[in-house]
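Open the model in your viewer and keep the selection tool at hand. Each stop below tells you what to pick and what is there.

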Amino acid sequence: MEDQVLAGTAPSSQGQDGRGAVAVPARGVPLGPIALVMLAASLPILASGGAFFVDGPNHLFRVTLWEMLLADDAAAQFFQAGERLYPNLAIDVFTSALGKIVSPSVALTVFICTAVCAYIAAAVWCRQARGERTDLPILLLILLAVYSEPLYWGRFNYILGLGVMFVALHRAVEQHKTP
């Protein structure tokens with residue numbers, strides 16, 4: 001109750017000290033349809049293990065290679081790990097951390113589901129933070145957007161990046177509005 005009162009007093013997510021924070025809208029958001037759409041987005045990925053994505057096997061090979069490089073020196077005689085940033089860094093960091101617990105293919109599948117759900121959650125959050133409703137037709141439209149060409153071609157970092165972009169763009173707009 002106290003969180004709702006505090007969230008209701010500040011129309012923007014600016015703190016009193018001037019620093020911004022990501023705030024969840026205080027209005028009652030129906031989580032049932034959102035969870036249903038996230039489940040509908042994750043089920044095909046979980047059922048297939050991400051095998052139907054064009055670039056999925058490439059990501060899986062790279063993740064497996066990273067695990068081999070970190071585990072022993074046999075693969076290190078043929079491959080060398082670089083220290084520069086590259087587009088697939090999010091997949092590699094996430095799956096190598098999770099790969100200590102589960103196999104690389106399961107870690108990659110969990111990353112894909114996480115990226116898809118983060119995209120959906122960020123899109124819904126941006127709409128809710130602006131005071132717009134997110135009914136089932138809008139949720140289905142978001143689901144269609146996430147299951148478009150970038151996901152088919154295996155651009156999993158791009159999908160995750162879009163979710164992060166939604167949040168960052170909303171924060172930038174909020175900070176621009178406040179004097």
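**First stop: A118**

Select A118: apart from residues up to four places away in sequence, A118 touches L160 and G163. Contact here means heavy atoms within 4.5 Å. A118 lies in helix α5. With a relative accessible area of 26%, A118 is partly exposed. The classes are these: buried is under 20% relative accessible area, exposed is over 50%, and partly exposed is in between, with a 1.4 Å probe and protein chains only. A118 and G161 are 43 residues apart in sequence, and their C-alpha atoms are 9.2 Å apart in space.

**What you are looking at**

This is a predicted model, where local features need pLDDT of at least 70, side-chain atom pairs count only at pLDDT 80 or more, and totals for chains, interfaces and linings use all residues. Residues are numbered from 1 along each chain as its sequence is written, and side-chain values use heavy atoms, with hydrogens and water left out.

Zoom out to the protein chain. How many helices and strands does the protein chain have? There are eight helices and zero strands. Helices (H or I, at least four residues) and strands (E, at least two) are DSSP runs, numbered from the N terminus. Along the sequence the pattern reads α-α-α-α-α-α-α-α. Of the 179 residues, 32% count as buried. Take the contacts between residues at least 6 apart in sequence: 72% of them join residues at least 24 apart.

Two packed helices are described by the angle between their axes and the distance between the axes. Axes are lines fitted to C-alpha atoms, for helices over the stretch in contact, and angles run from 0 to 180 degrees between N-to-C directions.

Select α2 (residues 31–48) and α5 (residues 104–129). Their axes come within 10 Å and cross at roughly 155°. That makes α2 roughly antiparallel to α5. Angles under 35 degrees count as roughly parallel, over 145 as roughly antiparallel, 65 to 115 as roughly perpendicular and the rest as oblique.

Show the side chains at this contact. From α2 come I34, V37, M38, A41, S42, I45 and L46. From α5 come T109, I112, C113, V116, C117, I120, A121 and V124. By class, the residues of this contact are 13 nonpolar, two polar and no charged. Ala, Val, Leu, Ile, Met, Phe, Trp, Tyr, Cys and Pro count as nonpolar, Asp, Glu, Lys and Arg as charged, and the others, Gly among them, as polar.

On the α2 side, select P33, I34, V37, A40 and A41. On the α6 side, select L136, L139 and L143. The contact of α2 with α6 has eight nonpolar, no polar and no charged residues.

Return to α5 and bring in α4. Their axes come within 9 Å and cross at roughly 125°. That makes α4 oblique to α5. A90, I91, F94, T95 and L98 of α4 meet A107, L108, V110, F111 and T114 of α5. This contact of α4 with α5 divides into eight nonpolar, two polar and no charged residues.

Select R62, in helix α3. Is R62 buried or exposed? R62 counts as buried, because its relative accessibility is 16%. Leaving out residues up to four places away in sequence, R62 touches Y86, N88, I91 and D92. The C-alpha atoms of R62 and N88 are separated by 9.5 Å, and the two residues are 26 apart along the chain.

**Last stop: α8**

Select α8, residues 156–177. Its buried residues are F156, N157, I159, L162, G163, H170, R171 and E174. Among what covers them are α3 (56–71), α4 (89–98), α5, α6 (136–146) and α7 (149–152).

Finish on F166, which is also in α8. At 22% relative accessibility, F166 counts as partly exposed. Beyond neighbours within four places in sequence, F166 is in contact with Y119, A122, A123 and C126.

How values were computed:
The expected span of a helix is 1.5 Å times one less than its number of residues.
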